[in-house]
Amino acid sequence: MKNLEKPFLSRDEIDGFELETRRKYSGETAIGYSADTVSKRPVAGSCDYFNRLLEIRLNLAREHARGARVLDVGCATGAHLFELAPVLQSGVGIDFSFPLIKRALENRTSEGHERVEFVEGNARTLPFRGGTFDFVFSFSALYYMPNVEEVVWEIARVLTTGGHCLVEMGNSCSLNAMVADAYPELARSFHLTVSRMKLVLLRAGLKIIGHRAFQILPFWGERPRSLEFLLKPFWKRWLEKRVGGRMIDEWVSGLPLVQNAAFRHIFDCIKQ
Ligand SMILES: C[S@@+](CC[C@H](N)C(=O)[O-])C[C@H]1O[C@@H](n2cnc3c(N)ncnc32)[C@H](O)[C@@H]1O
C-alpha cells in the first residue's frame, strides 16, 4: 500500500470524474475534444503565447530526453513525443482516450517514428515495471487527474533512480482556475496550491531541481464576467512579448509571492 495521505475524494468519486474526463477526451460528449486539435505541434516563428510556452516545454524536455528511455503521461495524439523522437533512445506515450491513442499510432506510422510507442492506459496505474524510464514528463494533463498524488507516485515508481521528470501542475489560487471553473462543459480540473504541489513531489521521493511559473493571467475564455477586463486579448499580446530571453509573463509569474498566484508550474525533478 502506498504511503498516501487521506484522500479528499472517495474511490467512487475518482472513478466517476475519470470516466467523465475520458468520455470528453474520447469525443463521446457534446463538446468532446477533437484528435485534430487537442495537442499542438510548435509553429516555427510564431509569437503566440501558447506556442512560445510549448517551445519552452519542448526545450526543457529535450535536455533530458537525449539518449533516454522516455515516457509521456497524458500524451493525447503524441505531439510532444514526435518532436522529441530524433533525440531519444525510445519513447512511450500513455493516455486513457482510445481515439487519441489510435490517432497517435496512425501518426507514428505515417511519420515513421519507430522508436516511439503508444499505449492506452490510466496514469493512475502505469502498466510498466519500476525503474523502466530515465525521463518521464507530463504536460497539461496532471490537472485533469482527480488524484494527482497517486499519479505522481506512479511517475516516481517507473523512473530509474537518478532519472528526471518534468511535471506541469495547475494552481488552485489563480485567475485561470476561476476561468476553468466557469467552463463546466470542459474537462473538470483538479488544481493544487503551489505549496501542495511541492509537498506531493517531495513525498513521492522527487527532489525539485528546477521550477518555472507561467500564466499570471488566464489568456483565454470570456467567463466569469467579473474577470472581463483581465480576459481582454490585449493582456496576452503584451505579456507574451520577450524581454531578456523570457516572456514578460514568466518574469512576472516568477516573482516571489506573485508566483503563488501564477497558474502553470513546471517542476524539473530527480528521483532520489
Ligand atoms: C489537455 S490534454 C494534454 C495532451 C498533451 N500532453 C499536450 O500537452 O498537448 C490532457 C490529456 O490527458 C489525458 N488524461 C487525463 N486523465 C488521464 C488519466 N487518468 N490517464 C491517462 N490519460 C489521462 C487526456 O485523455 C488528454 O489526452
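Colleague: How do the residues of the lining of the largest pocket divide into nonpolar, polar and charged?

Modeller: Keep in mind that this is a predicted model. Here the lining splits into 27 nonpolar, 14 polar and 9 charged residues.

Colleague: And how much space lies in that largest pocket?

Modeller: Here's the general idea: rolling a probe the size of a water molecule over the atoms shows where empty space is left. In this case, the largest pocket holds about 1200 Å³. It is lined by 50 residues, and Tyr 25, Val 38, Ser 140, Tyr 143 and Tyr 144 are the closest to its centre.

Colleague: Which helices and strands each supply at least two residues of the lining?

Modeller: Look for helix H1 (11–25), helix H2 (49–65) and helix H6 (175–181), plus strand E1 (69–73) and strand E2 (90–95). H2 gives the most, with 5 residues.

Colleague: Let's move on to His 265. Is it buried or exposed?

Modeller: Buried means under 20% relative accessible area. His 265 has 0% relative accessibility, so it counts as buried. You'll find it in strand E9, which covers residues 264–271.

Colleague: What does the side chain of His 265 make a polar contact with?

Modeller: One partner is the side chain of His 211, at 2.8 Å. A polar atom of the His 265 side chain also lies 2.9 Å from the backbone oxygen of Ala 262.

Colleague: Which residues is His 265 in contact with, leaving aside neighbours within four places in sequence?

Modeller: Among them are Val 167, Glu 168, Met 169 and Asn 171. Val 194, Met 197, Arg 212 and Gln 259 are in contact with His 265 too, and His 211 turns up again here.

Notes: Residues numbered from 1 in each chain as written. Predicted model: local features only at pLDDT ≥ 70, side-chain atom pairs only at ≥ 80, totals over all residues. Heavy atoms only, no water. 1 Å grid on protein atoms, 1.4 Å probe; cavity = no way out; pocket = protein on both sides within 12 Å on 5 of 7 lines; lining within 4 Å. Points joined across faces, edges and corners; volume = space filled by probe spheres on them. Helix = DSSP H or I, 4+ residues; strand = E, 2+ residues; numbered from the N terminus. Nonpolar A, V, L, I, M, F, W, Y, C, P; charged D, E, K, R; others polar. Buried < 20%, exposed > 50% of the residue type's maximum accessible area, 1.4 Å probe, protein only. Polar contact = N/O pair within 3.5 Å; in protein donor to acceptor, adjacent residues only side chain to side chain. Contact = heavy atoms within 4.5 Å.
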